[in-house]
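Please read this briefing alongside the sequence and the model shown below. The notes are grouped by topic for a reader who is new to the structure.

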Amino acid sequence: MEKLDVIRQPQELESKAPQNPNAVGPTDSGRDAWMTIAGCFMVQFCTIGYSNAFGVYQDIYTREFLSNKSPSDISWIGSFQYFMQYAPGVFVGHAFDAGYFRHMMVLGSFLEVFSIFMLSLVRKGQYYQVFLAQAIGIGLGQALLFIPSLTVISQHFKKRRSFATGVAVTGASVGGIVWPILLNQLDQKATFGNANRAAGAVAGVLLLCANVLMKPRPVESKALSGVHLGVKSIFRDIAYMVSIGAACLVSLGLFFPYFYLQLYTVDQGVAPHLAFYTLAILNAGSIVGRLVPNFFADRLGPYNMIIPCLFLTAVLLFVVLGVHSFAGIVLFGLFYGCTSGSYISLIPSIIIQLSRQSGQPGLRMGFAFTSVGFWILIGTPIEGALLHVPGSNGSLLWSPCIIFSAIAVSCGAVGMLISRVIFVRQARNKGLGQLI
């Protein structure tokens with residue numbers, strides 16, 4: 001019987017492309033390496049962490065600020081913000097490979113902070129103003145920050161890459177705890193505008209520190225070659241393409257709780273002052289999910305950790321159908337945060353593992369996130385449309401959108417399992433790696 005449980009990650013899989021004489025390989029340690037992780041942590045706090053707080057905006061917009069719009073219309077703001085964060089990935093990734101890391105970080109920091117301050121100036125009921133500032137402005141700024149901050153980790157870490165990535169993306173979990181509490185408290189005690197001005201100030205300080213801390217290394221000479229060669233190799237890599245397809249399916253349903261859990265909690269009759277903490281609880285659970293599986297992924301392989309996490313995520317989405325009390329929602333949030341956070345933190349490691357022979361990790365990372373971005377764009381609006389069914393007298397119907405999300409993640413988990421099988425066979429046929 002074949003043993004396909006563990007894939008060792010050998011030296012042979014690393015790119016053998018000619019090196020830039022000034023380039024230095026990953027050291028897995030040192031001041032620059034860990035300062036870079038600290039900077040990446042701050043970037044993740046201000047990008048994914050901030051985006052994960054959109055459930056607060058979804059609740060505020062639905063009940064008050066944009067009450068003239070449906071939940072589906074409002075969710076387009078958050079999904080388009082995610083889309084803008086991912087969609088330019090091919091271009092951002094290629095720019096990273098070409099050595100423009102610093103340029104993107106500075107421009108992205110400015111765009112995000114400027115757009116958050118613009119969001120503080122929008123008028124109540126003006127959907128287009130909110131969409132321009134939050135969906136397009138903030139999303140584009142985050143696009144220039146998110147992918148480069150993940151890809152630069154591969155310049156400093158190899159053997160401990162999954163764990164280092166897990167530490168960095170824990171910033172998103174911490175941000176997902178801090179941002180909802182900050183925004184909810186300020187919205188209650190001050191105004192919507194002042195809440196966003198405070199958010200802009202916090203993001204500005206952290207992104208300034210991140211720009212100082214992160215230390216990119218000189219790029220390899222092969223990374224400067226034409227983008228068309230890299231794209232051609234992408235479509236020939238079956239394991240990589242199947243993994244991207246699986247990630248797209250997962251993205252259709254994975255973000256449902258991040259957008260709708262606070263609204264779901266309020267709709268179940270839980271007091272708003274308690275419901276405000278559900279997103280923080282969800283992101284608190286993801287701290288464990290972003291650290292522990294990544295620690296073992298360096299030993300067991302990222303595929304072997306991400307697949308069970310995806311199946312557990314799908315199961316939890318089915319389970320939430322029967323959860324109606326605040327205690328049950330808290331438990332769901334903790335466990336869902338753990339399993340979904342594991343997926344989010346492990347997928348960059350899988351992309352890097354599948355990109356080792358290409359010599360263009362930024363391009364491959366960018367292509368993956370560009371592909372996923374289109375599915376994130378439509379996922380939560382579909383769920384919002386299923387949530388708000390005509391003829392329901394304004395009541396929210398949760399079962400259709402929850403089932404849709406659970407099935408999408410289940411299909412993605414199966415797809416990732418298929419990608420793993422193909423990757424194992426490719427490695428064996430090429431004589432790469434040790435299977436035990």
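A residue is called buried when its relative accessible area is under 20%, exposed when that area is over 50%, and partly exposed in between, using a 1.4 Å probe and protein chains only. By this rule Arg63, at 37% relative accessibility, counts as partly exposed. This is a predicted model, in which local features need pLDDT of at least 70 and side-chain atom pairs count only at pLDDT 80 or more, while totals for chains, interfaces and linings use all residues. Residues are numbered from 1 along each chain as its sequence is written, and side-chain values use heavy atoms, with hydrogens and water left out.

**Salt bridges**

- A salt bridge is counted where a side-chain nitrogen of Lys or Arg lies within 4 Å of a carboxyl oxygen of Asp or Glu, and by this rule the count comes to three.
- In general, side chains of opposite charge can pair when their charged atoms come close.
- Asp59 and Arg63 form a salt bridge with an N to O distance of 2.6 Å, and both residues belong to helix H3 (residues 54–65), where they stand four residues apart, about one turn of the helix.
- Helices here are DSSP runs of H or I with at least four residues, strands are runs of E with at least two, and both are numbered from the N terminus.
- Asp59 counts as buried because its relative accessibility is 0%, whereas Glu64 is partly exposed, with a relative accessible area of 36%.
- Glu64 also meets Arg63 in a salt bridge, at 3.5 Å from N to O.
- Asp237 and Arg364 are joined by a salt bridge of 2.9 Å, N to O; Asp237 lies in the loop between helix H10 (227–236) and helix H11 (238–253) and Arg364 in helix H17 (residues 361–387), so the pair ties together parts that are 127 residues apart in sequence.
- Both Asp237 and Arg364 are buried.
- Through shared partners, salt bridges join Asp59, Arg63 and Glu64 into one network.

**Aromatic pairs**

- Rings of Phe, Tyr and Trp (its six-membered ring) pair if their centres lie within 6.5 Å, and planes under 30 degrees apart count as stacked, over 60 as edge-to-face and the rest as tilted; the structure holds 35 such pairs.
- The ring centres of Phe45 and Trp179 are 5.5 Å apart and the planes stand at 50°, so this pair is tilted.
- Because Phe45 lies in helix H1 and Trp179 in helix H8 (residues 161–189), the pair ties together parts that are 134 residues apart in sequence, and both residues are buried.
- Tyr50 and Tyr57 make an edge-to-face pair, with 6.2 Å from centre to centre and 65° between the planes, and each of the two, Tyr50 and Tyr57, is buried.

**Helices H1 and H7**

- The axes of helix H1 (residues 31–46) and helix H7 (residues 127–151) come within 10 Å and cross at roughly 145°, where axes are lines fitted to C-alpha atoms, for helices over the stretch in contact, and angles run from 0 to 180 degrees between N-to-C directions.
- Contact means heavy atoms within 4.5 Å, and the residues that make it are Cys40, Val43, Gln44 and Cys46 of H1 with Gln142, Leu145, Phe146, Ser149 and Leu150 of H7.
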